[in-house]
Amino acid sequence: MFKDLMKNLEEKMGKTIHNLDAELATLKAGRANPTMLDRIEVEYYGSMVPISQVGNVSTPEPRILMITPWEKSALKAIEKAINMSDLNLNPNNDGSVIRLIIPELTEETRKNLVKVVHKKGEEAKIAIRSIRRDTIEKIKGMKKEVSEDEIKKGEEDVQKKVDDYIKKVDIILLAKEKEIMTV
């Protein structure tokens, strides 16, 4: 009876975890990571497209991102998009590729980044709890079709799934915090 509700619950919470992973991947952690550039869009032939669609993004060294555009004419647009972004990185354009040097993080910057990580984690937990609330309301709305015991069992199953996903969020946050704080 509750199979479709549980499947929907898992899908939504899975998307929440995926979104958290994606958001945390874009944070600068003192290491070059191509996903840092995922949010940056470049004006290319009149439309806004992600950097990954105008060139190849690679990490030749642990603290360097290198963008090799498919067309040299895109260099200026890529450079402009990076300068306008919130990454605070200075692109080094040598005429054929753009290099971004990721600076070492100071202790204070690391602590601030950890705060941002925890804030994003709390947002994910709130989203998961909201999904739980909606699902439990749907279960309670089935009082005419199912018994009280089945409703109780459904609510318990939902809570178990929610607890599992909250643990996943905590594990992701601990891993990201360790990554940021490791010098």
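Predicted model: local features only at pLDDT ≥ 70, side-chain atom pairs only at ≥ 80, totals over all residues.
**Exercise 1. In which sense do strands β4 and β6 pair, and over how many bridges?**

Solution. 
Step 1. Locate the strands: β4 covers residues 64-69 and β6 covers residues 98-101. Strands are DSSP runs of E with at least two residues, and helices are runs of H or I with at least four, numbered from the N terminus.
Step 2. Two strands pair if DSSP finds at least two bridges between them. β4 and β6 pair in the antiparallel sense over 4 bridges.

Residues are numbered from 1 along each chain as its sequence is written, and side-chain values use heavy atoms, without hydrogens and water.

**Exercise 2. Find the order of the strands in the open sheet. Why is one side of β3 and of β5 left without a neighbour?**

Solution. 
Step 1. The order is β3-β4-β6-β5, with antiparallel pairing.
Step 2. β3 (55-61) and β5 (91-93) are at the edges.
Step 3. From one strand to the next, the twist averages 25°.

**Exercise 3. Which strands does helix α2 touch?**

Solution. 
Step 1. α2 spans residues 75-84 and packs on the sheet.
Step 2. Contact means heavy atoms within 4.5 Å. α2 touches β4, β5 and β6.
Step 3. The direction of α2 makes about 165° with that of β5. Axes are lines fitted to C-alpha atoms, for helices over the stretch in contact; angles run from 0 to 180 degrees between N-to-C directions.
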